[in-house]
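Hi,

Here is the structure I promised to pass on. Have a look at it first, and my notes follow below.

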Amino acid sequence: MILDILEFPDPRLRTVAKPVETVTDDILKLVDDMFETLYDAPGIGLAATQVNVHKQVIVIDLSEDRSEQLVLINPEVEVLAGDYQEMQEGCLSVPGFYEEVTRIDHVRLKALGLDGVPYEREVTGLLAVCIQHEMDHLKGKLFVDYLSPLKRTRIRKKLEKQHKIRA
Ligand code: QAP
Ligand code: CO
């Protein structure tokens, strides 16, 4: 099932997600629906917050052929190097806008997989950026929060105008 994606400046995007206690069938169904929604968009990453479910669940697939599904439940990151990278970011909740954001380049990810079993891996590059971007969603944070107030206001006004037209 394709889920509706909340768009900036929807206040529900500011909700802080709660950890998942057990990976139940409801979580499996949520992950399934989130991948379907991600591929339909299409996008590379989606946090449960964006579909108005306030649980710590993220789906990512950076591959061209949708073959590299990554599920992050209750993710944590540890900074591994002081290096930063600047990358043009977009967001399914901020459609049509792309801006440079600076993030940590090298992190260790700790999360639960779909089987409820903890895993760890070191990540760099686009995947490291994507994980940090999606984990921000779980904290109620958006990439536009890193931009100047002027840019953020411009984006907000343009999206609000579109939302009025659509409503
Ligand atoms: C986050 O973003 C990300 O504006 C994932 O019209 C983005 O999947 C991490 C999308 C870039 C690192 C680098 C955005 C789709 C998808 C749009 C996405 C749009 C349609 C964004
Ligand atoms: Co996003």
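**Pockets and the metal site**

Sorted by class, the residues lining the largest pocket are twelve nonpolar, seven polar and two charged. Bear in mind that this is a predicted model. The volume of this largest pocket comes out at about 380 Å³. It has 21 lining residues, and those closest to its centre are Ile-44, Glu-89, Gly-90, Cys-91 and Leu-92. Strand 4 and helix 2 are the elements that contribute two or more residues to the lining, with helix 2 giving the largest share, five residues.

Cys-91 also turns up at the metal. The cobalt ion (ligand 2) has Cys-91 (SG), His-133 (NE2) and His-137 (NE2) as its protein donors, at 2.0 to 2.3 Å. Along the chain, their spacing reads C-x41-H-x3-H. Cys-91 sits in the loop between strand 4 (84-89) and strand 5 (99-104), while His-133 belongs to helix 2 (residues 125-138), so this pair ties together parts 42 residues apart in sequence. Cys-91 counts as buried because its relative accessibility is 12%, and His-133 does too, at 6%.

Now for the strands on either side of that loop. Strands 4 and 5 run antiparallel and are joined by six bridges; Glu-89 has Glu-99 in strand 5 as its bridge partner.

Cheers

Technical notes
Residues numbered from 1 in each chain as written. Chains lettered and ligands numbered in written order. Predicted model: local features only at pLDDT ≥ 70, side-chain atom pairs only at ≥ 80, totals over all residues. Heavy atoms only, no water. Donors = N, O, S within 2.8 Å, 3.2 Å for Na, K, Ca; no water. Helix = DSSP H or I, 4+ residues; strand = E, 2+ residues; numbered from the N terminus. Buried < 20%, exposed > 50% of the residue type's maximum accessible area, 1.4 Å probe, protein only. Pairing = 2+ DSSP bridges. 1 Å grid on protein atoms, 1.4 Å probe; cavity = no way out; pocket = protein on both sides within 12 Å on 5 of 7 lines; lining within 4 Å. Points joined across faces, edges and corners; volume = space filled by probe spheres on them. Nonpolar A, V, L, I, M, F, W, Y, C, P; charged D, E, K, R; others polar.
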